[in-house]
Amino acid sequence: MKDNNASSTAFTVAQGILFAAKTSKYGGLVNDNVISVSRQILQGSEQGRRRLKQLNSWWFCKLAKLRERVLLPGISLHYVLRKRHIEHLTLNALSEGITQVVVLGAGFDSLCWRLQQDYPKVNFIEIDHPATQEQKVKALEQGATQRQNMHFLAVDFGRQQLQTALTEFEAFDPKRSTLFICEGVLMYLNEKDVNAIFDSIRALTGAGTQFIFSTLEPKDSPRNTVPKILYRHLEKLGEPVLWDIDSLEMQDYLQTHMCQLHSIAGGQELVTQQIKEKLQQKMYQGEYFVHCTFDQ
């Protein structure tokens, strides 16, 4: 991602969710509130408005379906399923006593913005690259009021340490029981920076802290069907994949960071959890989601 530009991936995911809601047989999995907030965020920038206009084009939707089928089958539905999976885990964590949710690299995600009203006693913090966050906050200001428990912090993970940024952020409370979420971000960081995030979380809130994150199976894994052309495309966008790890090695990796693994969910698990009837389309494989807790 270029320093002065909002993340292309953030635009793509938001548009993909709206695309699935409009065109997919499973569009009913996207609730109206998610649609409303996603549209509001995209409406706040020139590129976002262009993406919304594309969704009204019959030709665009036809070509988008073809492109998806060739490159990443089911990717727009995958966006929907992964958002629902994270929201489900988050709501469970809130019901178990979590009182602070920190989202790293939030992009144009709507989760915290939607939950802030229903959970007024929970502290919500979104952290993201300044260029991406600026566009999002500006767009959200045009709609519902930001409550006192909703906070935004601009951080460039490639240049700043999470621990330092949050320690200096007045709205962050290290004494609260905290859930960290890092969706679709760690694969764009190098291994050193990924390890630094784990170390920072442990230092910030300690034992009992929950962490939900996603990463990718290695390129040569049979559980990764992402074509090499897409890796090259991400490199051209300035968002190359830098870190991946085999899901079979995840438990050992987490142990090095003194974390207890709760669950791993790849694309197939997301489908099985959320779609009860026989799936009538192909789904790419590669990204998977991890839920863990820091032991100390």
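So, helix α9, residues 191-205, is the top contributor to the lining of the largest cavity, giving 3 residues. Keep in mind that this is a predicted model. How many cavities of 30 Å³ or more do we get? The count comes to 1. Its volume is about 50 Å³. Around the largest cavity you'll find F157, Q160, Q161, L162, L189, D193, A196 and I197. Sort that lining by class and you have 5 nonpolar, 2 polar and 1 charged residues.

Of the elements, α4 gives the most, with 3 residues. By class, the lining of this pocket splits into 3 nonpolar, 5 polar and 5 charged residues.

Now, helix packing. Let's take α1, residues 8-23, and α2, residues 32-43: their axes come within 10 Å and cross at roughly 140°. Are they parallel or oblique? With anything over 145 degrees counting as roughly antiparallel, α1 and α2 are therefore oblique to each other. The crossing of α1 past α2 is left-handed. On the α1 side, the contact uses F11, A14, Q15, I17, L18 and A21, and these meet V34, I35, S38, R39 and L42 in α2. In that contact between α1 and α2, 8 residues are nonpolar, 2 are polar and 1 is charged.

Next along is α2 with helix α3, residues 46-55. The axes of α2 and α3 are 6 Å apart, and the packing angle is about 125°. So α2 and α3 are oblique to each other too. What meets what here? From α2 we have R39, L42 and Q43, and from α3 it's G48, R49 and L52. The classes in the α2 and α3 contact come out at 2 nonpolar, 2 polar and 2 charged.

Conventions: Residues are numbered from 1 along each chain as its sequence is written. This is a predicted model: local features need pLDDT of at least 70, side-chain atom pairs count only at pLDDT 80 or more; totals for chains, interfaces and linings use all residues. Side-chain values use heavy atoms; hydrogens and water are left out. Axes are lines fitted to C-alpha atoms, for helices over the stretch in contact, and angles run from 0 to 180 degrees between N-to-C directions. Helices (H or I, at least four residues) and strands (E, at least two) are DSSP runs, numbered from the N terminus. Angles under 35 degrees count as roughly parallel, over 145 as roughly antiparallel, 65 to 115 as roughly perpendicular and the rest as oblique. A crossing is left-handed if the near helix is turned anticlockwise from the far one by less than a right angle, and right-handed if clockwise. Contact means heavy atoms within 4.5 Å. Ala, Val, Leu, Ile, Met, Phe, Trp, Tyr, Cys and Pro count as nonpolar, Asp, Glu, Lys and Arg as charged, and the others, Gly among them, as polar. On a 1 Å grid over the protein atoms alone, a cavity is a set of points where a 1.4 Å probe fits but cannot get out, and a pocket is an open set with protein on both sides within 12 Å along at least five of seven lines; lining residues have an atom within 4 Å of a point. Grid points are joined across faces, edges and corners, and a volume is the space filled by probe spheres set on the points.
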